[in-house]
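Keep the viewer open as you read, and take the points in order.

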Amino acid sequence: MVNVIPAPLQRVIGLTGGVGMGKTTISHYLAATHQMPILDADLFAREAVELNSPILAEIVERYGASILQPDRSLDRARLAQIIFSSSAERLWVEQQIHPFVRDRLVSNLKSLAAQG
């Protein structure tokens, strides 16, 4: 008879909450104390609209160049004014950014699983 030791359980922990709720603090704790990899959807969302990204181009096409800072990066404050005053516009922007974020999360999770 052969004893097989099962692999440790793989867990994915999702941290949610509003602004100032401590998500970053908990993420830093988990990374530092338990050496857990952190996949941050906020960082992926920022990556989605980096300078010269296709998603930023779509946003500029919809709202015009006034949505850009002088360095051609996204003016987040201006975009916030638009999307927080119209649920339809918020939904449109989410439909541009969320698939990118989801793809980045899935690809990173797969990569981490392959590493063991």
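This is a predicted model: local features need pLDDT of at least 70, side-chain atom pairs count only at pLDDT 80 or more; totals for chains, interfaces and linings use all residues.

1. As general background, nonpolar side chains in soluble globular proteins tend to be buried together.

2. **Leu79 as a way in.** Which residues does Leu79 contact, leaving aside its neighbours within four places in sequence? They are Ile59, Tyr63, Ile67, Leu74 and Val93.

3. **The aromatic pair.** Searching the whole structure turns up one aromatic pair. Its members are Tyr63 and Trp92, whose ring centres are 5.9 Å apart with the planes at 90°, so the arrangement is edge-to-face. Planes over 60 degrees apart count as edge-to-face, which is why 90° qualifies. Tyr63 belongs to helix H3 (residues 54-63) and Trp92 to helix H5 (residues 87-115), so the pair ties together parts that are 29 residues apart in sequence. Both Tyr63 and Trp92 are buried.

4. Arg104 pairs with Glu47, with 3.0 Å between the closest N and O atoms. Arg104 sits in helix H5 and Glu47 in helix H2, 57 residues apart, so this pair links distant parts of the chain. Both ends are partly exposed: Arg104 has a relative accessibility of 25%, and Glu47 has 27%.

5. Arg62 forms a salt bridge with Glu89, and the closest N and O atoms are 2.8 Å apart. This pair also links distant parts of the chain, with Arg62 in helix H3 and Glu89 in helix H5, 27 residues apart. Is each partner buried or exposed, or something in between? Arg62 is partly exposed, with a relative accessible area of 41%, whereas Glu89 counts as buried at 19%. The cut-off for buried is under 20%, so Glu89 falls on the buried side.

6. **The surroundings of Glu89.** Leaving aside neighbours within four places in sequence, Glu89 is in contact with Arg62, Tyr63, Ile82 and Ile83. Arg62 is its salt-bridge partner, and Tyr63 is a member of the aromatic pair.

7. Glu94 is partly exposed, with a relative accessible area of 24%, and Arg90 is partly exposed at 31%.

8. **The segment before H1.** Ile13, Leu15 and Ile26 make a nonpolar surface patch of about 250 Å². Leu15 is found in the segment before helix H1 (23-34) and is partly exposed, with a relative accessible area of 35%. Val12 also has its place in the segment before H1, and it is exposed, with a relative accessible area of 66%. The C-alpha atoms of Val12 and Leu39 are separated by 10.0 Å, and the two residues are 27 residues apart along the chain.

9. **Two positive phi values.** Most residues other than glycine have a negative phi. Where might you look for positive values? Asn52 has a positive phi of about 70° although it is not a glycine. Asn52 lies in the loop between H2 and H3 and is exposed, with a relative accessible area of 72%. Arg72 has a positive phi near 75°; its place is in the loop between H3 and H4, and it counts as partly exposed at 48% relative accessibility.

Note on methods: Residues are numbered from 1 along each chain as its sequence is written. Side-chain values use heavy atoms; hydrogens and water are left out. Rings of Phe, Tyr and Trp (its six-membered ring) pair if their centres lie within 6.5 Å; planes under 30 degrees apart count as stacked, over 60 as edge-to-face and the rest as tilted. Helices (H or I, at least four residues) and strands (E, at least two) are DSSP runs, numbered from the N terminus. Buried means under 20% relative accessible area, exposed over 50%, partly exposed in between (1.4 Å probe, protein chains only). Patches are made of residues with over 30% relative accessible area and no salt bridge: like charges are joined within 9 Å, nonpolar side chains (Val, Leu, Ile, Met, Phe, Trp, Tyr) within 5 Å. Accessible areas come from the Shrake-Rupley method with a 1.4 Å probe; for residues, only the protein chains shown count as cover. A salt bridge is a side-chain nitrogen of Lys or Arg within 4 Å of a carboxyl oxygen of Asp or Glu. Contact means heavy atoms within 4.5 Å.
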